[in-house]
Amino acid sequence: MGKLSLQIKSIALEDMEKIADFIAKDNPKAAYDLLNDFYTSFDNLCLYPKMGSKSLICGQYKKRNN
């Protein structure tokens, strides 16, 4: 199986940029590292689409009984 492709919505990219801009005011390297981590995660998701937790179902979280 080849590498899958991932489409990131423009609103998500805008949010990522806003977050990085906010962080960059105090720590430009941390902002750069955060964006790099995002894109590394996206690449890994394309390479290994079954990675991650199976308890999350498309935006719905299982209710925990305490």
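Visitor: How many salt bridges does the count come to?
Guide: The count comes to 1 salt bridge. Keep in mind that this is a predicted model.

Visitor: What makes Lys29 and Asp33 a salt bridge?
Guide: The closest N and O atoms of Lys29 and Asp33 are 2.7 Å apart. The cut-off is a Lys or Arg side-chain nitrogen within 4 Å of an Asp or Glu carboxyl oxygen. So the pair qualifies as a salt bridge.

Visitor: Where do Lys29 and Asp33 lie?
Guide: Both are in helix α2. They sit 4 residues apart, about one turn of the helix.

Visitor: Why is Lys29 called exposed, and why is Asp33 called partly exposed?
Guide: Exposed means over 50% relative accessible area, and buried means under 20%. Lys29 has 56%, so Lys29 counts as exposed. Asp33 has 28%, which falls in between, so Asp33 is partly exposed.

Visitor: How many aromatic pairs does a search of the whole structure find?
Guide: The search finds 2 aromatic pairs. In one of them, Phe38 and Phe42 have ring centres 6.5 Å apart and planes at 10°.

Visitor: Why is the pair of Phe38 and Phe42 called stacked?
Guide: Two rings pair if their centres lie within 6.5 Å, and planes under 30 degrees apart count as stacked. The planes of Phe38 and Phe42 are at 10°, so this pair is stacked.

Visitor: What separates Phe38 and Phe42 along helix α2?
Guide: About one helical turn, because the two residues are 4 apart in α2. Tyr39 and Phe42 form an aromatic pair too, with centres 5.5 Å apart and 90° between the planes.

Visitor: How do you know that the span of α2 agrees with what it should be?
Guide: At 1.5 Å a residue, the 20 residues of α2 should span 28 Å. The end C-alpha atoms are 29 Å apart, which agrees.

Visitor: Which residues are buried in α2?
Guide: Ala31, Phe42 and Cys46 are buried in α2. Seen down the helix axis, the buried residues of α2 fall within an arc of 60°, so they line one face of the helix.

Visitor: What makes the nonpolar surface patch that includes Leu45?
Guide: Leu6, Leu45, Leu47, Tyr48 and Met51 make this patch of about 470 Å². Patch residues need over 30% relative accessible area. Leu45 has 36%, so Leu45 passes that limit. Leu45 lies in helix α2, residues 28-47.

Visitor: How far apart are the C-alpha atoms of Leu6 and Asp43?
Guide: They are separated by 8.4 Å, though the residues are 37 apart along the chain. Asp43 is in helix α2.

Visitor: What pattern does the chain follow?
Guide: The pattern is α-α-β-β, read along the sequence. The chain has 2 helices and 2 strands. Of its 66 residues, 8% count as buried.

How values were computed. Residues numbered from 1 in each chain as written. Predicted model: local features only at pLDDT ≥ 70, side-chain atom pairs only at ≥ 80, totals over all residues. Heavy atoms only, no water. Patch = residues over 30% accessible without salt bridge, like charges linked within 9 Å, V, L, I, M, F, W, Y side chains within 5 Å. Areas by Shrake-Rupley, 256 points an atom, 1.4 Å probe, with all protein chains shown as cover. Buried < 20%, exposed > 50% of the residue type's maximum accessible area, 1.4 Å probe, protein only. Phe/Tyr/Trp six-rings, centres within 6.5 Å; stacked < 30°, edge-to-face > 60°. Expected span 1.5 Å × (residues − 1). Arc of directions from axis to C-beta.
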